[in-house]
Protein chains: 2
Amino acid sequence: MSSRKLQVVSPVPADIDIANSVVPLHISEIANGLDLKPDHYDLYGKYKAKVLLPVIDELKDRQDGYYVVVGGITPTPLGEGKSTTTVGLCQALGAYLDKKVVTTLRQPSQGPTFGIKGGAAGGGYSQVIPMDEFNLHMTGDIHAITAANNLLAAAIDTRIFHENTQKDTALFNRLCPPNKEGVRTFNEIMFRRLKKLNITKTKPEDLTPEEVTKFARLDIDPDSITWRRVMDVNDRFLRKITVGQGPDEKGMVRETGFDISVASEIMAVLALTTSLSDMRERLGKMVIGNSKAGDPVTADDLGLGGALTVLMKDAINPTLMQTLEGTPVLVHAGPFANIAHGNSSIVADKIALKLVGPGGYVVTEAGFGSDIGTEKFMNIKCRYSGLKPQCAIIVATIRALKMHGGGPQVTAGRPLDRAYTSENVALVEAGCVNLVRHIENTKAYGVNVVVAVNKFATDTDAEVAAVKNASLAAGAFDAVLCTHHAHGGKGAVDLGIAVQKACENATQPLKFLYPLDISIKEKIEAIARSYGASGVEYSEQAEKQIEMYTKQGFSGLPICMAKTQYSFSDNASAKGAPTGFVLPIRDVRGSIGAGFIYPLVGTMSTMPGLPTRPCFYDIDVDTETGMVKGLS
Amino acid sequence: MSSRKLQVVSPVPADIDIANSVVPLHISEIANGLDLKPDHYDLYGKYKAKVLLPVIDELKDRQDGYYVVVGGITPTPLGEGKSTTTVGLCQALGAYLDKKVVTTLRQPSQGPTFGIKGGAAGGGYSQVIPMDEFNLHMTGDIHAITAANNLLAAAIDTRIFHENTQKDTALFNRLCPPNKEGVRTFNEIMFRRLKKLNITKTKPEDLTPEEVTKFARLDIDPDSITWRRVMDVNDRFLRKITVGQGPDEKGMVRETGFDISVASEIMAVLALTTSLSDMRERLGKMVIGNSKAGDPVTADDLGLGGALTVLMKDAINPTLMQTLEGTPVLVHAGPFANIAHGNSSIVADKIALKLVGPGGYVVTEAGFGSDIGTEKFMNIKCRYSGLKPQCAIIVATIRALKMHGGGPQVTAGRPLDRAYTSENVALVEAGCVNLVRHIENTKAYGVNVVVAVNKFATDTDAEVAAVKNASLAAGAFDAVLCTHHAHGGKGAVDLGIAVQKACENATQPLKFLYPLDISIKEKIEAIARSYGASGVEYSEQAEKQIEMYTKQGFSGLPICMAKTQYSFSDNASAKGAPTGFVLPIRDVRGSIGAGFIYPLVGTMSTMPGLPTRPCFYDIDVDTETGMVKGLS
């Protein structure tokens, strides 16, 4: 196993300076440390490699390592260092505790890198490197998703256009043109549609005129189209647009919009798929809208499931990178944590669990608080993967706990109130109600819960002790102070030891929050109860959609709640552990190919914007050295 | 030098079957054959590598090899096999004539791969492999262009939005926010704008209120914006759209549209740049429209030149691939051949010329007929590179010559008329007027012209002899029959020998068609005369634009005509060698960063559409083997 220890300095330099101060190991050294042979991976430059999926089959008889998920308490808008803790823990396990370890992380969206947020590689002495390659392009997976998503979008509008301008027979004849010998045939993908229509004939000329119409005319209802175009850029002017205004499009204008690429259902498919053939099926099953008769229209109906898979065939291989201390990281998929499930890919975790083997550790991060990330990790990701974590970490900060205890509002870009930088044990204790609910909810899955207190310079011993006491009282397996931001892996050694004990002492099976075979509403209500809600209220639109999905046969899918990450409830300003509220469901949508139904609790923005002075003002290349400057 | 000879079968199998029948060499073997060391390139999988730009500096003292450009006669809509000839010739030079050789080609657009056209890797036994990696994603260069282009587009609309919703001081304060010590500073890119405004002050607080306004308010005239968004997908419904219709965008709607990514000015920049620092400058100088006062607004004015360079920093390295016979290919850039100059990159050619060294050959393809591709190769690409070709090839087919001689219309997707499949020497002879003008125009640059007759099965000896005679009479250095489609490099050995002699006997300097220091109109007229035009007619809009660009100081740039490739004239149905027509210039636009002015001779489509049954119906992955099926 490759690894090395860092020399740290104090105060902690800027992230990019730390990242640039370390020369990464050649990625083949990292691969060697995992016993990967050269034909198990493809190099992408010197510091990235794609690990090829067949590795799973080759190692299928090896026992899995321990599986650890990192969640958090309800965060402030500043974030509580969940990625940093994930990376720091792995640096501790690999570089200080001599464990085989792989970190599995999401690929960040490139859009925000140039907007407000900056990069997402961790921070301080706990980072993934090279930071610029992690944040930009990486190995092209998001670009592949953009291309596939938009090919499907183009196919939808163009198909409607061609159906509107051609008679049934002309349409059919163009879809099944005669070959050189004058013989018409259905091709492979057409048999999928024929099967769906219960047509068992195999020759185009045998179809009745009614069957010709049913086969050739998808009859998409333009108002039902849920498939939007995507772009990995913060472009707010594309949120709502009208397309088709060119003279050649004959007045077939339509209102639609762009989402950021990570919000594409194809990203969710990539994250939840388990093999190449499974991905082929999921991509083909994606529903883009309904026919005028109310039947779901899929990518396969449009003839596209295969081509989409071709565009995604390299993206299915996770990307191997490294931490500052030379431990391996698999970066793969980055589905939105609100309209999708916000967890990195199943295939990366599966490969990682085999690579570390028994006694090794795979540590994966789940987005936002445990109500968002961990819940979906358990009920969606683990349900599809069949994997079971032994330990769940909950990252807490004194800052966020004070906010939950009643501290003043925390706003990004504004100075922190004094309440957050001077000792106030009472405020921390009051805020622990939030932490306690996260512990209880997470424990209910049958895992051992370890609380990681991510220490800031102004936190005091008494404040930290208050958190530890509350954690243990709530049933946490352990609660540990960490200083990995300032000290790298060395600052997370205690956390590493606690995680090791938690894994070795895990005995319970995974208990889901809800079974799949109850109704959509019952599933929504089970999740709402875990938030502290006393009930659920459905809009008329939500009722209509639930009825439709149930009728279409999709009620057996798991539920992916789209809810604010800033509160257990739908109200972002309700901090702590709110109870007695009624959770409003405004709409219900489906990612049928990815495999979940997503109720919308409020309005979710799926396309960020740029501020007056975006990050890009500071980003440049040193044209002498080729080094990137100004990335944060 | 790596290479190997092919075993060919007859009749020639499908392109994908030939491509899949050959196991490519590991790309490091190809690199070794060029004396590239592992630190000269980055691997992207097993069959692609990016050759790193510093190689140029390292080899700067080595003498260049011979430089050969492949153009063609005015083509039919079916194409006359120019890529195939380029690849076949290189297979001959490398595998049969023991020459060091590198082919330099454009990266194909992914959009058409799924639409009508299929791939662009050559054909028959003259192809670049692996074909799927060549046609899809490759090493992500086009995706990088899409991302950079669209970040700039988002920045334009968002800047207008922020300027419309903020007073000058607020805008200025947000652009130059105080740091932790409360001090405001300009950053590097802001000094570029200050310099442009002739403001020499270095501290934000020293600016007068007028200077604050001039600095902070770009005051972009929305009607003047020429920068469009791009996507590498055939999406006709994006040709004309309205953006900004979301409630948060406060009614700032605007009509705009998407082009296909290869039409982006950034693609033209990539093709014409000569170094990383040159690319940084060109990207910053790109003009996106005017201020309301009529001054050009650039990417650097928007704070983006550096960030765009960061997005493009890997794309500047050309991609090394291989032919079926194991000779090296550098694939790099793919600018549109109408609104841009349709030639692969300068940096790839420069690297290649050093790698092959004296006595070696670099063969590059220029888009369409010599009026489009070769003219721009000479007057734009060679002008910026300082390189000089020794030999220009003109690819001709009996089919296209018959069309020019008066044969019936040739339409893609329809069976060929009998005139094209049975002997008709008179028709060929009559059509040679087209070839003769291409020879004369090309010879005028001071290069030796070799005509390559790309043989089809139905061509007869008498027809081929007619072409050879006409070629030599028109001053061609040689005219040679080739059968590389059917026989690989072996079928282009005679062409290789002719090219070798042409290069060894080249003596003249490069003579441009026009100097740069004459007016825009004089340059347009010089090019029009080479087409056979008797004069040029300008629309009111064209007059206005020429006046504007001249006033803005851009009249010294070369000219890139946007004209149909199907005739020397503006009328696609005027075959042969038309004369006496007046060339209409409907509009004139500028790619200021890339470095040319482009007059529009007619309407150019910059976003293709999908047919009723696109190629994607046949494309799929074999999920057992991971192999791509159905790509053509």
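This is a predicted model: local features need pLDDT of at least 70, side-chain atom pairs count only at pLDDT 80 or more; totals for chains, interfaces and linings use all residues.
## Where chain B meets chain A

On the side of chain B, 83 residues are in contact with 84 residues of chain A, and the two chains bury about 7200 Å² between them, with 62% of that area on carbon and sulfur atoms. Within chain B, the residues that lose the most area to chain A are Phe237(B), Thr612(B) and Tyr617(B), which together account for 12% of what that side buries.

The two chains are also joined by 16 salt bridges, among them one between the side chains of Glu249(A) and Arg239(B), with a distance of 3.0 Å from N to O.

## Domains 1 and 3 of chain A

Chain A is divided into three parts: domain 1 (15-139 + 314-505), domain 2 (142-312) and domain 3 (520-600). The centres of domain 1 and domain 3 of chain A, taken over C-alpha atoms, are 27 Å apart, and these domains bury about 2000 Å² between them. Ile339(A), Asp371(A) and Arg437(A) supply 29% of the area that domain 1 buries against domain 3, more than any other three residues.

Between these two domains the count is 1 salt bridge; Asp371(A) forms a salt bridge with Lys563(A), in which the closest N and O atoms are 2.8 Å apart.

Definitions and conventions:
Residues are numbered from 1 along each chain as its sequence is written. Chains are lettered from A and ligands numbered from 1 in the order in which they are written. Side-chain values use heavy atoms; hydrogens and water are left out. Contact means heavy atoms within 4.5 Å. Buried area is the accessible area (1.4 Å probe) that two parts lose on being put together, summed over both. A salt bridge is a side-chain nitrogen of Lys or Arg within 4 Å of a carboxyl oxygen of Asp or Glu. Domain bounds come from an automatic or database domain assignment.
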